[in-house]
Every structure is written in C-alpha cells, then in structure tokens.
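The following paragraphs lead the reader through the aromatic contacts of a protein model and then turn to a pair of its strands. Please keep the structure in view while reading.

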Amino acid sequence: MEEPQFALDRVHSDLLGPVATASIGGAKYISAFVDSKTRHTWVYFLKTKDQNPQTIDEWATRLANNTGDTVKVLFTNNGITYKKGKEDKVSLVGYADADWGGAEDRKSTTGYLFLLNGSPISWTSKKQQTVALSSTEAEYIALAHATKEAIWLRKLLKDLGQEQIGPTTIYEDNQSTIAIANNTINHQRTKHIDVQFHFIRDKIKSNEIAVKHTSTNEQLADAMTKPLGRNLFSKFLSTVLPSFSQQ
C-alpha cells in the first residue's frame, strides 16, 4: 500500500475494549483514530461499543468543521473501508446457528457470522449463559445475539456512508425458530423463553432485519458452534476465505 501524500488521505480507526476496570466516568471502551500521514491521533472514551458509530460520525463532522477537509479513506477494525465519494453500495448478510447442549454443563453454543459483500467482518462463538430446553430455544437465543450485532453493524455502515436499504437478512436453518421470530403471538411452548430475546420480532417489524431459511449444509455459522468434518470445513473455507483455501 502506497504512503498517503496528504493529511487525512488515509485514517485508521480502532475500537478497544472492554477493559477490566471502567474509568471514573464509567467508560470501558476506547475509540481511536490515527492519521497515516501525520500520525495525529484522536481518542474517545465510550461506555458501550454501541456508541462507536455515533462517535465516528461526530468525529468526522467536527474534523470537517475545524479543518474544512474530510477524510478520503477510513479503515475500521472490522475490515470496513469507507472512501469519500464512493457510490457503490455494500450488502450486509448474516448467519446464526447454535449447537444445542454441546458443552459439558449442557449449555449450548451461539455462533454467528456476518459478511460484507461476501467478506467476513464480524463473527462469534460463545457459550450461552442459560441451559436451553430445546434446540429451537438455543437457536432463538443465537438469533437474538446475531440481531443485536446486525443492528450495530447497520449503524456503523450508515455513519460510513453505506446505509443499508431494506432489512439485513440473517439466515437460520431451524424452521421452528424462524416461525417463532415471525409470529407475534405467544404460545404455551414459548412462554419460558426470556422476554429479552423477543426483541427480534420488533426488529423484523421495523424492517431492520429479515430472518430467512437456509439448509444446514449452507449454514456458514455452523463452523462457529462446533468442529466440522473435513469436507464441510473445506467448503466453509472456500466460501468465506477463498484465497486462504487455495493456498
């Protein structure tokens, strides 16, 4: 990559945290911007990572007001690149999955993966905090966490000039989970699911996300929940990291 010629030609942004001990003001995250040419650094302290999209927007606005210039290229720690004047829109797609009761304490594992124009930018593999009573419940909890990540990524993309038109699709391979997410009526068999996870329905209603079915063989988040066999893992690599799989 060539060295930038002028200030603000290329800026790198990174979000650090959460730190073990919060500041006196309650901040646990650090949002930093570094100019590749001048090495000038801007640092902001945040209470939650959800504040970062707004921080990026406020930083860019303040910079334009103070200098009369704007950032030409901004690289974020999620692998997203914003270029001034770029008209090509990017598309965000997600996959959510769960491995029911796979841990020794019978708790399930949440996995999700988000792609931006086919490239992975956000993913997780994390044990759920409660024991799910069914595979549907485990998948629904995983879908809830994926929904929260989708909302955050949509806010970030909007602040980078890449607002998503229409809902972000999250692919799920459990038909019962999809039915619960799209059904606003509470049934006896779903009453035990924590109410906090039902915000998925609100995000579907507000047209921010759409939950669609994909087959288990095409579920990319499967790799985030458990070890895969050789063939499935090779297929996962060829889809998500094609350049790596060819090495």
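The structure contains 6 aromatic pairs, where rings of Phe, Tyr and Trp (its six-membered ring) pair if their centres lie within 6.5 Å, and planes under 30 degrees apart count as stacked, over 60 as edge-to-face and the rest as tilted. Phe-33 and Trp-59 form a stacked pair, because their ring centres are 4.1 Å apart and their planes stand at 5°. This pair joins distant parts of the chain, with Phe-33 in strand S2 (residues 29-35) and Trp-59 in helix H1 (residues 52-67), 26 residues apart. Helices (H or I, at least four residues) and strands (E, at least two) are DSSP runs, numbered from the N terminus.

The model is predicted: local features need pLDDT of at least 70, side-chain atom pairs count only at pLDDT 80 or more, and totals for chains, interfaces and linings use all residues. Residues are numbered from 1 along each chain as its sequence is written, and side-chain values use heavy atoms, with hydrogens and water left out.

Phe-33 has a relative accessible area of 0% and is therefore buried (under 20% relative accessible area; exposed is over 50%, partly exposed in between, with a 1.4 Å probe and protein chains only). Trp-59, at 2%, is likewise buried. The rings of Trp-42 and Trp-59 are edge-to-face, since their centres lie 5.6 Å apart and their planes at 70°. Ring pairs link Phe-33, Trp-42, Tyr-44 and Trp-59 into a cluster.

Elsewhere, strands S7 (residues 109-116) and S8 (residues 119-127) pair in the antiparallel sense over 8 bridges; strands pair if DSSP finds at least two bridges between them. Thr-109 stands opposite Lys-127 in S8.
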